[in-house]
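Hello,

Please find the structure below. My notes on it follow.

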Amino acid sequence: MTPDVMSAAALVDRRRGWRIERRADPSAVGWLVALLLAALGAFILSGLLLATAGASPLDAFSNLAKGGFGSGRALANTAVKATPLIFTGLATALAFRARLWNIGAEGQVFAGAIAAYACTHALDAAPALLQMPLILVAAMIGGALFGGLAGVLKTHFKVDEVISTVMLNYIIAFGLSMLLLKGPWSEAGGFFEQTAKVAVNAELPILIDKTRLHLGFVIALVTAGLMQVVLAHTPFGYEVRAAGSNLRALAFQGTNTTRLVLLVMATSGALAALAGVSEVYGVHHRLHAAAIVGYGYTGIVIAILGRLQPLGVVAAAILFGGLVNGSTLMQIKTGVPSTLIYAIQAIILICYLVAWAAASFRIRRPGRTTPSGEIGRAGHG
Amino acid sequence: MTDATPLLSVQSLTKSFGSLVAVDGVSFDILPGEVHCLLGENGAGKSTLSSCLYGLYRPDAGVIRMDGEPIELRSPADALAAGIGMVHQHFVLVPTFTVLENIMVGTSRGWRLGGGEARTQVAKICSRHGIALDLDRLIGDLAVGEQQWVEIVKALYLDVRLLILDEPTAALTPDESARLFRMIRTMAASGLAVVLISHKMKEVLQSDRVTVLRKGGLIGTVRTDETSGPDLTAMMIGRHVGSHAAVAESKPGDVTLSLDAVTLDDRDGRRLLDRISFDLHGGEILGIAGVAGNGQNALFEVIAGIRRAFAGDIRLAGQSICHLSAKNIADRGLGHVPNDRLRDGLVGEFSIAENLILGHQWDAQYRHGPLLDRAGIDVRAEQAIADYAIQAPGPATTVRTLSGGNAQKVILAREFAKARRCLLCHQPTRGLDVGVIEYVHNELRRLRREGVAILLASEELDELFTLADRIAVIFDGKILGIFPRSVADIQTIGQLMAGHRDA
Amino acid sequence: MVEDLFQATIVISVLAATIRIATPILLTALGETVAQRSGVYNMGLEGTMLMGAFAAFIGTYQTGSQGAGVLAGAAMGALMSTIFAFMVITLRIEQIVTGLALNLLGAGLSTFWLRTAFAEQSVTPTIAFMGAAPIPYLEGIPWLGPILFRQGLLTYLAFLAVPLVWFFLFRTRFGLELRCIGENPKALDTKGLSVQGRRYAAVIFGGAMAGLGGAFLTVGSSARFVPDMTAGRGWLALVIVIAGVWRPGYVLTAALFFSFLDALQLQIQGIGINLPHQILLALPYIVAILSLALMRQNAKAPAMLGTPYIRDR
C-alpha cells in the first residue's frame, strides 16, 4: 500500500548501461528481505543511538527482549501493552486502506474514553453484564462521532483530513483536561488531573491470575479477525479497497462516495475508541490523560508495519507491546531511559519504509530482459 | 534533396520495457528541411522511438547520429543541445502561468526574470509563422487549439534544427489542422526538419517521406509521392482492409433518451452545458462531434447521474432521471463507457472479476447474505472473459496489468450488460489497435440492432461517419446542429466544431 | 476587567507579543511555502522544528555561543529534511507517511538525547537566550517602536524573509522554475532541467527554515529545552501555508492572525478573566479548522502537491 502503489518506472542510473528499475509489486521474497533489512537497519541505528548515550547496546537490547518476551508473565503483559495498539493500528489501517489519512486515532481514543466514562459515571453500580456492553457501545459511538466529524469536515467543507484530525487531537486533549482539572469529573478531594476509580463492575475482567491480561486483548483479536473478513469478503470492504485504489471510478459507477468516506472515518474512530476502553477499564481503572496518550500515533506506525492488514497489525502491535513492556526492565537494569523506545519505534518505521521502497527497485543489466508487471505500458508505444 | 547528408540518422535502435520490445532494431534518417512522417498503429513504437530521440528514454542498443556524428541522448538537455525539439501529444504546459512564462521557463541564464528580451524573441517567432498569441494571457484561459500554438512556439524558441511533432492535430479542428500544415511547410522551407508522428492518412500524405513501423519493427521508408494511402495502410497493419461495409440503414424505434434544455455550471460558475436538447431513439446511434473539452465530459456525466444538471430535464424511457443517483439510473438500463478508462472506469488494483461488479457490490445477485459471493462473481467473470475475448490468465488478473484494449473490453463487458435501454460511449476506441477498434464497432452495431439507443462521442470524425445515424456538433457546451449522416458533410461539421455557426 | 484590555500599554504588549510569537511559525511556514510550491508536502515540520529547537539548545549549551546554537538549529532542520527528501523524492515513499515518521523521529530522538545528555543533573540545565535587540532610533517611535523594533534578531530575520521569499518565488528564474515543477514538472524536465534536484533544494531550504523556527523556541526565547515544546506549532505552520494560499504575503497575514490569538489568550490569562484556560489554549486549533472550512478552496494549491515525478507519464 504505502510505496508499492506507485507505478513502475525506469529510473535511469548514472552509471553506463546499468539501470535501476522500479517494479510494480515487490515479490513476497522481496518483502521478507525488506523486513529483514529493516530489522537489521533498525538494530544498527538503535545501537548507535545507545552508544551516543554511553550505554552498551547488547546489554540494553537483551534486557529489552527479556522484559518483553522472556517469560510467560512478560508475554502476558506484552499482550496487555499490545491491546490498545491493535485497536489504533486497525483504526488507522482501515482508513489508510481507503486512502483516508486519518491521523486522528489519538483523539478518537480520547473521545471513546470520555464517552465510555460518561456512561459509567451515570450508571455507577449496574451489574457487570450490563455495564460491559454499554461501555463498549458508548465508546464506539464517541469515537465514531469524533472520527465522523473529521469526515464531515472533509466531505462537506473540503478540509484536508490530515490537518483536521491533528487539530482535533489537540482540541480534545484540552477538552479532557477541562473535565478533569477542577472539572466535573475530577476525583473528589483529589490533587491530580484524574477521575476517581471506576466501579469494580465496570472493570474488564482479568483473564490469567497474577498477570494484568484482561478481556480487552481477546476483544482486540476478535476485532482483527472480523476486520479481515469484512475487508476481503463484504461489499463494504470491497468499497474500502476500491476507494484506496480509485475513488473516482467507484463514484462513476454510482456508489455514494461521500457516505463511504463518512462511514470509513466513523468506523475508524469507533475502532480507535476501543483502545480507550481497554486502557481505562482494563488497566488503569480510572480516566486520566496519561492512561490513553500516544496510542493513536503509535497506531499509525503499527498499521504501516502491518502492511495495513489486520493480522499484520496484530503482529506489529505485539512486537511494539514487547518493546514498551521490556523498556521498563531495560531502564532498571541498564539505566537507559525507557524513552529510548519512542526513538526506536520511529527508526524501525523509517528503516521499514526505506527497505520496502528499496526492495521495489531492482538493478538490471542491459540486454537481459526480465519479466515485469507492466504490460500496461504497451498502450503507450 | 536525397543527396544531402542526413541531419539525423538512426541505426538499429532498440528499446524494451521488461519483456516488451517496444522498438526493435529500427533504422531511418532525416534530411534537413524535410517533413518526415512516422506512421504506425498504437503500440507500433512511434512514441517510444521519438522519446528516445528526445532523450526521455535511453535506448538499449543502436546509434543516433546528428550531422554524421554519433551522439548520446541521456536527457532532453542533450537532445536540445543537439538541436532536437519536441512537441508532445499531451501538452506540457503550466495552466497557471502566462504564455510567455511557459515559453521562457527553464531557458533564461541570469537569476533575474528578464521578460523583455524573451518577449521580443517570441514576438519575432510568432510573426515569422503568422501566429497570433497574447503573451500575457494565462494558459488555462486559452482554447485547446491556441495551446497547441504555444507548444510549437515553445519548441521553436529553443532554437532547434529538428522538431518532433507527436500527433499534433489530435486536439485541432480540421481548419486548425490545415493551418498547422501550412506552418509546417514554412518551417521546412526555412531549413527545419520536421518529424511528424501520425496515424491519420490525410496528414501522412502531406509529408515528404514516410517511415512505417509495425509492432516495434521497421517496415520501410517510402517517398510520399511514390505511394498511396491504401498502400501505406497495408504497410501499417500488414494487410489490406476493404472499405467500410455499407452501414445498414437502421430503423429507429421510440424515443429512449430525451434531453430538454439541460444546463450545467461548474463550481466557478462557468457554463459547461448550455440548454442542450435532443432525442435519441432506440436502435439509433447519435454521434457527438467536437474538439475535446467542449462539454462532452459534462454531458455524459450529467446523463449518467454523476453530476446534477442545474436546469432542464432528462428522460429515460419516458421517465425523468434528473434526480436519480447514478446507481438508480444504471439500474434502469443505462451503460456508460467513460472517456478516460483508467481514471474513471476501472479500479487498477482490482481483479477483472472485481471490476466487473463495480458499483453493484451490494446487488443481491452478487451476495450470500452479508458476504460477497466470490465463486459466483468469478464464474461471471470467466464468462465475460470468454465472450469478449479478453486476453488475461483469469478472473483474478489485476486490471492494471492489462493492455489498453483488454482493459477497455472489461469496461465494455460491464457496461454493455447494463445497457438494456441506452449506452453512453465516450471515445470508446481511443488508443486501441485497429483489430480491437473493428471489434468495438461491430459490438456497437450489434447493440443498435438489438434496439439500444447509443450516444457516441468521438474526436475521430471518421468513426462518427462510419457508425452514427445522426451527428450532433458540440461547441462550448452548446449543440450547434444535428444532421442525419446522409446529408452531413465534413466541411460543415468541421466549421461548426470551430464554432462558426454561419457555415 | 475587559476594559483593561484596551489600555495602551496592554495593547502594545499584546501586539509586541503577537510579533514575537509569530516568529517560529512564520519562519517555518515560509520554508514550507517554498517546499510546497515545488510540489512536496513536508508534514514532518513538527519533528523538524523540535529537532531544530533541541540542536539549538545543545549547540548553545556546548559552545556558549548563541549564534552557533542558531546555526546548529538550522543545520539540524536541513539534515532532517534531507532524510525526508531522500525518502520521498528519490525513493518515492508516500509523503504523508514519511512526514509522520519524521515527527515521531524528532520527538523520540530529542526526548531520549535530553534524558541521556543530562542524566546526572537533577534539573535540566539552562542557557542564556537571546534578548531583544532594539533598533536604534526606530525603537523610539511611539507605538510602532515597542511593537516592531524591540524584538530579537530571529524575529527581524523572519519578517525580512517574507519579501525575500516573495522576490525569490515571483521575480527570479529559480522561483519560476520551482513553481513550474509544482504545477507541471514535465514542463521543466522536457527542457532538460532537473526536477529532482530542485525539489531537493526546496525541501532542504524548508527544513532549514523550520530548524530556525525551532531555534527561536529555545535559544531565541527560552532558557530550557522541554520535550514536545513545539506543541503543535509545526502543524499550525502547515495550516498557515494553506490559509496563506501559498503566497508569502498572505502567509504573513495568517501567521500574525494565529499569533495574535495566542498573544491575546496569554494576556487574558494574565489579567485573570474567568475562562477555563484550556479553551483559550485550544482556540488556535479550533480557529484553524474553522478557517480552513470557511476557505473551502484547495484550487490554488500547486497542482502536483504531494505527487512524486515519474518521467513516463
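Leaving aside neighbours within four places in sequence, A:Leu349 is in contact with A:Val301, A:Ile304, A:Leu305, C:Ala101 and C:Leu104. Please keep in mind that this is a predicted model.

Next, the contact between chains C and A. Each of the two chains puts 40 residues into the contact. On the side of chain C that touches chain A, at least two residues come from each of α4 (95–117), α10 (233–243) and α12 (277–295) of chain C. The most comes from α4(C), with 14 residues. By type, this side of chain C divides into 27 nonpolar, seven polar and six charged residues.

Last, a helix pair within chain A. Helix α8 (residues 235–252) of chain A packs against helix α9 (residues 257–284) of chain A at an angle of about 155 degrees, and their axes are 11 Å apart. Angles over 145 degrees count as roughly antiparallel, so α8(A) and α9(A) are roughly antiparallel to each other. Their crossing is left-handed. From α8(A), the residues A:Glu239, A:Val240, A:Ala243, A:Leu247, A:Leu250 and A:Ala251 meet A:Thr257, A:Leu260 and A:Val264 of α9(A). The residues of this contact are seven nonpolar, one polar and one charged.

Regards

Note on methods
Residues numbered from 1 in each chain as written. Chains lettered and ligands numbered in written order. Predicted model: local features only at pLDDT ≥ 70, side-chain atom pairs only at ≥ 80, totals over all residues. Axes fitted to C-alpha atoms, helices over the stretch in contact; angles between N-to-C directions. Helix = DSSP H or I, 4+ residues; strand = E, 2+ residues; numbered from the N terminus. Parallel < 35°, antiparallel > 145°, perpendicular 65-115°, else oblique. Left-handed = near helix turned anticlockwise from the far one by under 90°. Contact = placed C-beta atoms within 7 Å. Nonpolar A, V, L, I, M, F, W, Y, C, P; charged D, E, K, R; others polar.
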